[in-house]
There are 2 protein chains.
Amino acid sequence: MINYLNSNFENYIEELKDFLRIKSISSKEEHKDDMINCANNVADKMRNIGLENVNVFQTEGHPIVYGDWLHAKGKPTVLVYGHYDVQPVDPLDLWDNPPFDPIIKDGKIWARGANDDKGQMFGHFKSVEAFMKVKGELPVNIKFLIEGEEEIGSPSLTKFLPKNKDLLKADCVLISDTSMFAPDTPTITYGLRGLTYMEIEVTGPNRDLHSGSFGGAVANPINELAKIISQLQDKRGKIKIPNFYDDVVKLTKKERDNFRKLKYSDKQLAQELGVKQLQGEEGYITLERLWARPTLDCNGIVGGYTEKGAKTVLPSKASAKISMRLVPNQDPKNIAKLFEKYVRSIAPKSIQLNVSDLHGGSPLLSPLTDKAVIAAAKATEKAFGKKTVYTREGGSIPIVVEFMKQLKATPILMGMGLDTDNIHSPNEHFLLKNLKYGMLSSLYFLEEYSKI
Amino acid sequence: MINYLNSNFENYIEELKDFLRIKSISSKEEHKDDMINCANNVADKMRNIGLENVNVFQTEGHPIVYGDWLHAKGKPTVLVYGHYDVQPVDPLDLWDNPPFDPIIKDGKIWARGANDDKGQMFGHFKSVEAFMKVKGELPVNIKFLIEGEEEIGSPSLTKFLPKNKDLLKADCVLISDTSMFAPDTPTITYGLRGLTYMEIEVTGPNRDLHSGSFGGAVANPINELAKIISQLQDKRGKIKIPNFYDDVVKLTKKERDNFRKLKYSDKQLAQELGVKQLQGEEGYITLERLWARPTLDCNGIVGGYTEKGAKTVLPSKASAKISMRLVPNQDPKNIAKLFEKYVRSIAPKSIQLNVSDLHGGSPLLSPLTDKAVIAAAKATEKAFGKKTVYTREGGSIPIVVEFMKQLKATPILMGMGLDTDNIHSPNEHFLLKNLKYGMLSSLYFLEEYSKI
């Protein structure tokens with residue numbers, strides 16, 4: 001099977017390129033047709049590797065694609081989850097190469113989605129293909145569930161899941177949509193942060209005013225919004241929303257020790273990000289801040305005149321998108337309520353406030369003793385020829401939490417990406433060697449998991 | 001002379017209508033010929049009322065028209081400034097009557113430029129005419145300077161002024177291009193605010209990051225920009241930039257008393273602007289905040305993801321346009337320096353800061369004890385038969401400051417318009433009674449000023 005994968009690798013790259021050419025941006029209405037094409041492409045892939053019961057489920061949003069192979073009697077069932085949708089590509093002028101015109105350069109494949117998640121999930125398709133073509137069967141039962149709304153919070157899958165629990169029933173959910181701890185370091189991620197994503201709109205006067213004629217007499221929505229944002233965190237980096245930390249599970253000593261053993265350098269990260277120094281919550285090392293502590297970030301802000309030059313406007317409105325990363329056991333809806341309550345309490349009467357909860361997801365923590373987790377660690381160790389490390393991750397994959405909650409399936413996050421792969425940014429890319437590690441790890445996992 | 005003006009008023013209206021028929025829109029290339037026609041029309045008017053040395057100066061833009069009468073030996077010199085250009089007329093369908101087809105209705109003349117500034121400056125032409133026809137001479141020396149680029153920022157006059165200081169030398173500059181404080185209220189505006197307009201750009205990481213993967217470890221440029229903005233003013237509405245208020249000339253008791261006598265309602269303004277309550281610097285009433293106190297307003301802000309929906313980006317950059325309205329004797333360049341110094345002092349090391357001074361203008365204050373101001377107040381009082389009010393204005397008219405700086409001439413803003421006259425909007429109009437008040441005020445001013 002290894003030979004099969006190796007000898008077909010060049011073809012796989014071409015297939016992946018075709019996949020990456022589809023502009024499957026889920027958040028943009030104008031890519032509706034691209035999303036349909038992409039879903040059909042995924043379904044074709046499933047059929048080509050020998051999956052059965054392939055189905056493109058229509059939803060209110062973008063299609064969900066399903067396929068399975070369930071002939072490994074007495075063996076566990078693995079649900080492979082991935083997503084065919086990608087992030088928007090703006091600012092376009094920062095891409096060295098067009099985002100939907102993939103190229104191979106420096107041992108990497110460059111395109112939007114090269115890593116997140118088209119490139120990463122591709123490995124699982126190929127490991128199944130290798131089994132089916134070489135052995136004619138799989139060592140475990142397998143289900144593929146590939147959605148098109150991960151980047152916009154999986155609204156359709158969230159509705160689909162509780163209605164299709166039998167269809168999706170599995171012992172573990174295998175996902176490659178995260179990063180390795182470091183290059184060439186097999187990594188199993190056992191924790192994810194959750195998310196509450198809010199939007200605040202501040203309205204001052206009922207129309208844009210001349211800042212000369214009215215400046216000084218009326219609240220300026222941008223200044224007021226800035227004041228609100230500045231009051232969300234204190235100088236020590238703590239979030240000031242009352243009761244925000246109430247449900248936070250403290251890190252165990254073992255975890256803190258584990259994190260401290262990992263090879264990690266603040267200086268290097270600062271250098272890589274081009275900042276003089278890092279910045280975060282006092283009392284925690286960077287890995288703890290990233291993986292196990294809640295955070296608050298503005299994701300966008302806009303108001304008034306934003307083009308070149310000067311316009312003396314006192315604008316009517318300003319708005320900001322603000323998200324909080326959550327850790328177990330913070331509840332996204334509860335955090336949204338606390339956020340709104342606090343923001344309303346600090347806003348002056350001279351403005352009107354509109355606070356919306358755009359979306360959210362729960363944080364996650366998998367037991368390190370689970371069989372699937374152990375099999376995954378063995379598989380990646382074998383693929384990489386190195387000891388697997390256990391990490392948590394700062395990002396959120398809300399739907400993973402739903403798998404755990406609703407299917408009682410253990411999530412296995414077998415990430416093949418690197419933090420330097422520019423996902424969600426211009427010049428996204430994926431190392432070809434990691435594409436290969438992904439195929440091998442997937443293959444070994446199916447083998448290892450069937451033995452347990 | 002009053003009789004002369006009264007008996008000719010009907011003819012004047014016809015003359016003004018002809019003036020208003022010329023489509024002198026300075027910002028539109030297709031009206032280039034109309035601008036030339038209009039400049040020649042102004043020159044003819046000057047000759048017709050008995051001015052000498054009438055000259056249409058060609059510029060890189062639209063012509064500047066000059067004329068004078070300098071035979072009042074030992075008497076002061078008045079420079080009358082006005083502009084023959086008008087604003088564009090779109091949206092055309094909102095005009096009840098075509099903008100360049102003036103009509104008289106409801107005691108008002110309706111047309112583009114009826115107020116701003118053809119109608120307002122017309123009064124000065126007619127007061128000079130009355131003197132010359134009835135008495136054969138003027139009680140003071142007079143110079144008329146009428147430009148065609150006021151609505152586009154006076155670029156040609158700004159260049160013309162320093163090169164023609166001798167030609168334009170005067171003791172005061174008489175301008176009717178502002179509004180009365182209220183209907184039937186003779187108003188002399190003796191102060192204008194200045195401006196310093198800055199832009200701050202905050203750079204955090206060298207690229208847009210995923211807020212999950214990096215949130216908590218690195219400074220977020222939007223959050224940091226918000227913190228900076230929030231530190232520009234304190235809770236009492238004071239600007240926190242050190243030394244910012246050093247050069248502010250305090251309001252005199254007389255001024256504060258004057259402002260408090262003016263009929264003005266916070267409640268009404270709040271209602272008109274659609275806000276629950278006004279907001280401004282503590283310790284000052286609204287008119288003081290608007291006219292005589294420096295302010296700070298964000299005019300624009302942008303960073304990160306600003307379209308619909310959610311994107312979990314931790315952006316690389318965020319920027320804000322921030323302007324300060326200045327009062328005498330604040331210096332725009334000095335304020336720009338203080339602003340930059342302070343902003344740099346409060347910014348954390350984890351971000352990079354770019355601060356630019358986009359443009360500025362000096363504030364203006366004509367001393368209430370100036371002879372021209374006193375003469376103007378007496379003149380309007382006599383014309384209206386009511387006590388003159390002294391106001392300042394929150395906005396800036398940069399060319400007026402240049403007159404004061406370069407010619408050492410006291411500006412007299414003798415506005416005859418009303419805020420409800422729809423200047424710059426469809427259905428611009430000017431009350432015929434205010435046209436007459438303008439003629440009389442101008443006439444009395446020349447008389448009063450010659451006596452002092």
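Guide: Strand β3 (residues 77-83) of chain A runs parallel to β7(A), and four bridges link the two; strands here are DSSP runs of E with at least two residues, helices are runs of H or I with at least four residues, both numbered from the N terminus, and two strands pair if DSSP finds at least two bridges between them. Within this pairing, A:V78 has A:C172 as its bridge partner in β7(A). The model is a predicted one, in which local features need pLDDT of at least 70 and side-chain atom pairs count only at pLDDT 80 or more, whereas totals for chains, interfaces and linings use all residues. Residues are numbered from 1 along each chain as its sequence is written, while chains are lettered from A and ligands numbered from 1 in the order in which they are written.

Strand β7 covers residues 172-175 of chain A, with A:C172 and A:L174 pointing one way and A:V173 and A:I175 the other way, and all of them are buried; a residue is buried if 20 or more other C-beta atoms lie within 10 Å of its own, exposed if 12 or fewer, and partly exposed in between, with C-beta atoms placed from the backbone. β7(A) is also joined by four bridges to strand β17 (residues 410-413) of chain A, again in the parallel sense, and there A:L174 has A:I412 as its bridge partner.

Chain A also holds an open sheet of three strands in the order β4-β5-β18, with antiparallel pairing. Its edges are β4 (103-105) and β18 (429-431) of chain A, each of which has a single partner strand, so one side of each is left without a neighbour in the sheet. Neighbouring strands in this sheet are turned by 25° against each other on average, direction ignored; such angles, which run from 0 to 180 degrees between N-to-C directions, rest on axes fitted as lines to C-alpha atoms, for helices over the stretch in contact. Strand β5 (residues 108-110) of chain A is linked to β18(A) by three bridges in the antiparallel sense, and one of the bridge pairs is A:I109 with A:F430. In the loop between β4 and β5 of chain A lies A:D106, which has a positive phi of about 55° although it is not a glycine. A:D106 is exposed, having 8 other C-beta atoms within 10 Å.

Most residues other than glycine have a negative phi, and most peptide bonds are trans. The bond from A:P328 to A:N329 is cis, with omega near 0°, and A:N329 sits in the loop between β13 (317-326) and α11 (332-346) of chain A.

On the scale of the whole chain, an automatic or database domain assignment divides chain A into domain 1 (2-192 + 363-451) and domain 2 (194-248 + 294-361). The C-alpha centres of these two domains of chain A lie 35 Å apart. Seven residues of domain 1 of chain A are in contact with nine residues of domain 2 of chain A, where contact requires C-beta atoms, placed from the backbone, within 7 Å. The domain 1 side of that boundary has four nonpolar, three polar and no charged residues; Ala, Val, Leu, Ile, Met, Phe, Trp, Tyr, Cys and Pro count as nonpolar, Asp, Glu, Lys and Arg as charged, and the others, Gly among them, as polar.

Between the chains, 68 residues of chain B are in contact with 76 residues of chain A. Strand β11 (residues 295-304) of chain B gives the most to the chain B side, with nine residues, and that side divides into 25 nonpolar, 30 polar and 13 charged residues. Strand β11 (residues 295-304) of chain A pairs with β11(B) in the antiparallel sense over five bridges, and A:G304 has B:G300 as its bridge partner there.

The largest nonpolar core has 92 residues, and A:L225 and B:L225 have the most contacts inside it; a nonpolar core is a set of buried Ala, Val, Leu, Ile, Met, Phe, Trp, Tyr and Cys residues joined through C-beta atoms within 7 Å. Helix α12 (residues 332-346) of chain B gives the most to this core, with six residues. Leaving aside neighbours within four places in sequence, A:L225 is in contact with A:I200, A:V202, A:G303, A:A318 and A:A320.

Technical notes:
Contact = placed C-beta atoms within 7 Å.
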